[in-house]
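Hi,

Here's the structure I promised to pass on. Have a look at it first, then read my notes below.

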Amino acid sequence: MSNKASILYVEDDLNLSFVTKDTLEEHGFAVKHYADGALAMAAFHQHPFDVCILDVMLPKVDGFSLAEMIRKSNPHIPILFLTAKSMKEDRVKGFKLGGDDYISKPFSIDELILKIDVFLRRSKVNEAMVVPNTQFTIGEGIFNCTDLQLITPTEKINLTLKEAELLRFFCINANKVVKRDEILNSLWGNDDYFIGRSLDVFISRLRKYLAYTDKAKITTLHGVGFKFEWQR
């Protein structure tokens, strides 16, 4: 376990927490999940953690109060709030209590992983694990999703966050068929028609960026989805 970044994950929605914990563990993180703030606080004093992911609305001890207690014990550990709330006052309160970032439900698991990777990179925690999850060799180029850059033999392409998220999603799911709604729900949180049109635009951009190599291409499977064919 020493080679894994350890995450304290506090969420009372058991269905969501099961899926999130399972996915984070698949990506190499060690995750301890608790359904209420009191149990999480007790665990925080007993185990070392690298990142805290806290739902705001929790039984017994809410996420804001939990973050305040964590901050008194450890002023440096990254704290990410998960919440369905979108009110500006809640975000301000979270940041004042020492939160490092906010992500609203429903959230993209890939966005969550990117944020965790950024926290770990900033903290210089478990660097050996972070690099494989954030940097990929694509043909003759290097894709660094943390820095939002695709470096080819002839140019350095600065990606938008969504372009980086999509390319990272394809790298993680390379040489597998992925359905359109799977991508949309993962990166955008829903499969709305207009968001689907946006996906097509992003796919076109990535194809243009990847034109430098014949070792990677995005194939459209009409009526199904896409396949990122990648010769590693």
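This is a predicted model: local features need pLDDT of at least 70, side-chain atom pairs count only at pLDDT 80 or more; totals for chains, interfaces and linings use all residues.

Residues are numbered from 1 along each chain as its sequence is written, and side-chain values use heavy atoms, leaving out hydrogens and water.

Back to Thr20: at 3% relative accessibility, Thr20 counts as buried (under 20% relative accessible area; exposed is over 50%, partly exposed in between, with a 1.4 Å probe and protein chains only). Leaving aside neighbours within four places in sequence, Thr20 is in contact (heavy atoms within 4.5 Å) with Tyr9, Phe107, Ile109 and Leu112.

Now for helix α2 (residues 37-46). Its buried residues are Gly37, Ala40, Met41, Ala43 and Phe44. Down the axis of α2, they fall within an arc of 165° (taken from the directions from the helix axis to the C-beta atoms), so they line one face of the helix. They pack against β1 (6-10), β2 (30-34), β3 (51-55) and α3. The face of α2 turned away from that buried side carries the exposed His45 and Gln46.

And what does α2 meet in α3? Gly37, Ala40, Met41, Phe44 and His45 in α2 meet Leu66, Met69, Ile70 and Ser73 in α3.

Cheers

Notes:
Axes are lines fitted to C-alpha atoms, for helices over the stretch in contact, and angles run from 0 to 180 degrees between N-to-C directions. Helices (H or I, at least four residues) and strands (E, at least two) are DSSP runs, numbered from the N terminus.
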